[in-house]
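Visitor: I am new to reading protein models. Could you take me through this one by question and answer?

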Amino acid sequence: MQQDPVCARYPRAVESDKERWDRKWRSRAPSEAAPVLDALSEWIPTAGKAVDLAGGTGRNALWLADRGLEVTLVDVSPVGLELARKRAGDRGLDLDTLACDLTVDEPPGPFDVAIIFNFLYRPLLQRVKSLLRPGGTLIFVQPTVHNLERHAHPSRRFLLESGEAPTLVGDLEVAHHREEWSAEGRHEAVLVARRPTPEVTLVSLADPSVDKDAVAALLTEVFGPRPNQRQLVDDWLGLEHSNVLLARADGAFVGLMIARLLPEEEVNEKYGSPFGVDLLEMTGNAKFGGFQLLAVLPAWQRLGIAGDLTQAQHAWLISGGATVGLGVSWDHGGFSGMGSSKHMFEAAGFQVVATDPEFYNRINAESGQDCRRCAPEPCTCNALLFLKEPL
Ligand SMILES: C[S@@+](CC[C@H](N)C(=O)[O-])C[C@H]1O[C@@H](n2cnc3c(N)ncnc32)[C@H](O)[C@@H]1O
């Protein structure tokens with residue numbers, strides 16, 4: 001049997017549970033996805049990362065993978081996980097598996113959606129918030145005590161009290177809750193809850209309240225550790241004609257963007273020449289506003305933060321007299337492999353005017369950075385030059 005990756009504290013797993021479930025999964029026929037998933041599909045995204053906690057042989061994890069999500073199946077039973085991987089292979093679906101005792105450990109998030117079906121460990125429901133990205137969704141389905149009216153199993157200790165489910169999820173926002181006899185003949189609680197998305201505020205790096213070490217920590221989290229991260233932040237403060245804008249939420253920095261009014265000599269030299277275009281000629285000597293860096297924490301991506309930063313920086317560039325906007329993005333994935341800037345530029349109305357597959361190789365060579373998406377292989381990211389005219 002192929003070895004599963006294991007959580008750090010997996011050896012402390014409740015051995016009896018592991019053995020009991022290994023035995024059960026060896027002898028049970030695999031079942032189909034819970035029908036309630038179809039009914040809940042309006043709350044389940046079609047892209048992003050999902051985790052099925054205590055997911056057994058993966059009947060529901062495969063439903064999520066089939067829907068387009070990148071799924072991690074977590075369970076204490078290696079036999080269950082092995083069966084799930086086989087079923088995924090048979091159906092041509094990708095599935096990551098992780099052997100984990102969820103009473104002591106959990107997988108690293110953040111996830112866009114977490115599901116827990118037929119597994120009752122109340123402290124896990126308290127902790128699940130930390131596995132979800134802001135705006136992420138929990139789906140929890142568990143039989144209630146009423147199930148005993150028709151079935152002897154599961155026994156009482158695995159059953160929820162009536163109305164208990166919403167009280168177990170801490171400060172997640174309950175989006176949907178019902179308790180009823182299911183299509184499979186069990187009386188169960190069905191709960192959909194969301195991790196709230198706190199309000200995002202924008203603040204300038206020059207604001208005296210900004211903790212520069214926290215900004216350096218944001219960069220490290222997005223781009224990985226680099227020498228002089230902290231020095232870089234100080235250097236930005238000295239940059240001429242620049243605006244460094246930070247996004248703050250939940251008391252922490254979650255995103256950052258630099259905009260610059262570009263001196264003419266920089267326009268073609270820095271942006272035009274790698275792409276082989278004469279930007280000043282192309283735009284009739286317009287005054288350029290450039291976006292030099294966008295960083296948004298992985299957990300905060302796809303929440304519109306990049307869009308908020310872009311809009312605010314647009315306004316700043318226009319107030320400084322820029323008539324044309326300029327920016328560079330990766331075709332797919334950046335140094336961090338996340339690749340949201342392309343979508344951000346397109347959403348903000350920018351057009352691709354030139355591409356260069358070698359641009360980032362040259363940047364890597366100059367700066368000594370490796371493209372995190374491609375390393376250790378040579379970078380194959382395609383760079384795109386965007387223009388928006390007029391701003
Ligand atoms: C009733 S099954 C539910 C499986 C799946 N969620 C479903 O609905 O088909 C309970 C699952 O919890 C897993 N489990 C039991 N104790 C666990 C623990 N401490 N950590 C992780 N998984 C555990 C078992 O291996 C089993 O796969």
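Visitor: Leaving aside neighbours within four places in sequence, which residues is Arg 67 in contact with?
Guide: Two residues are in contact if their C-beta atoms, placed from the backbone, lie within 7 Å. Neighbours of Arg 67 within four places in sequence are left out. On that basis the contacts of Arg 67 are Ile 44 and Thr 46.

Visitor: What kind of model is this, and how are its residues numbered?
Guide: This is a predicted model, in which local features need pLDDT of at least 70, side-chain atom pairs count only at pLDDT 80 or more, and totals for chains, interfaces and linings use all residues. Along each chain, as its sequence is written, residues are numbered from 1.

Visitor: How far apart in space are Arg 67 and Pro 45, C-alpha to C-alpha?
Guide: Arg 67 is found in the loop between H3 and S2; helices (H or I, at least four residues) and strands (E, at least two) are DSSP runs, numbered from the N terminus. In sequence, Arg 67 and Pro 45 are 22 residues apart. In space, the C-alpha to C-alpha distance between them is 8.3 Å.

Visitor: Does Arg 67 count as buried, partly exposed or exposed, and why?
Guide: A residue is buried if 20 or more other C-beta atoms lie within 10 Å of its own, exposed if 12 or fewer, and partly exposed in between, with C-beta atoms placed from the backbone. Arg 67 has 16 C-beta neighbours inside 10 Å, so it counts as partly exposed.

Visitor: Which residues of helix H3 are buried?
Guide: Helix H3 covers residues 59-66, and six of its eight residues are buried, so the helix is largely enclosed by the rest of the structure. What covers those buried residues includes helix H2 (36-39), strand S1 (49-53), strand S2 (70-75), helix H4 (78-90) and strand S4 (111-117). The buried residues of H3 are Asn 60, Ala 61, Leu 62, Trp 63, Leu 64 and Ala 65.

Visitor: Within what arc do the buried residues of helix H10 fall?
Guide: The buried residues of H10 are Ile 305, Ala 306, Leu 309, Thr 310, Gln 313 and Leu 317. Seen down the axis of H10, they line one face of the helix, because they fall within a limited arc, taken from the directions from the helix axis to the C-beta atoms. An α-helix has 3.6 residues a turn, so residues three or four places apart point the same way. The arc for H10 is 125 degrees.

Visitor: Which residue of strand S14 stands opposite both Gly 327 and Val 352?
Guide: Two strands pair if DSSP finds at least two bridges between them. Six bridges join strand S12 (residues 324-330) to S14, running antiparallel, and five join strand S13 (residues 351-356) to S14, also antiparallel. Gly 327 and Val 352 each stand opposite the residue asked for, Phe 386.

Visitor: In S7, what is the bridge partner of Arg 178?
Guide: Eight bridges join strand S6 (residues 173-181) to strand S7 (residues 187-194), which run antiparallel. S6 and S7 form a hairpin with five residues between them. The partner of Arg 178 in S7 is Val 190.

Visitor: What share of the residues in the protein chain is buried?
Guide: The secondary structure of the chain comes to 12 helices and 14 strands. The protein chain has 391 residues, and the buried share is 38%.
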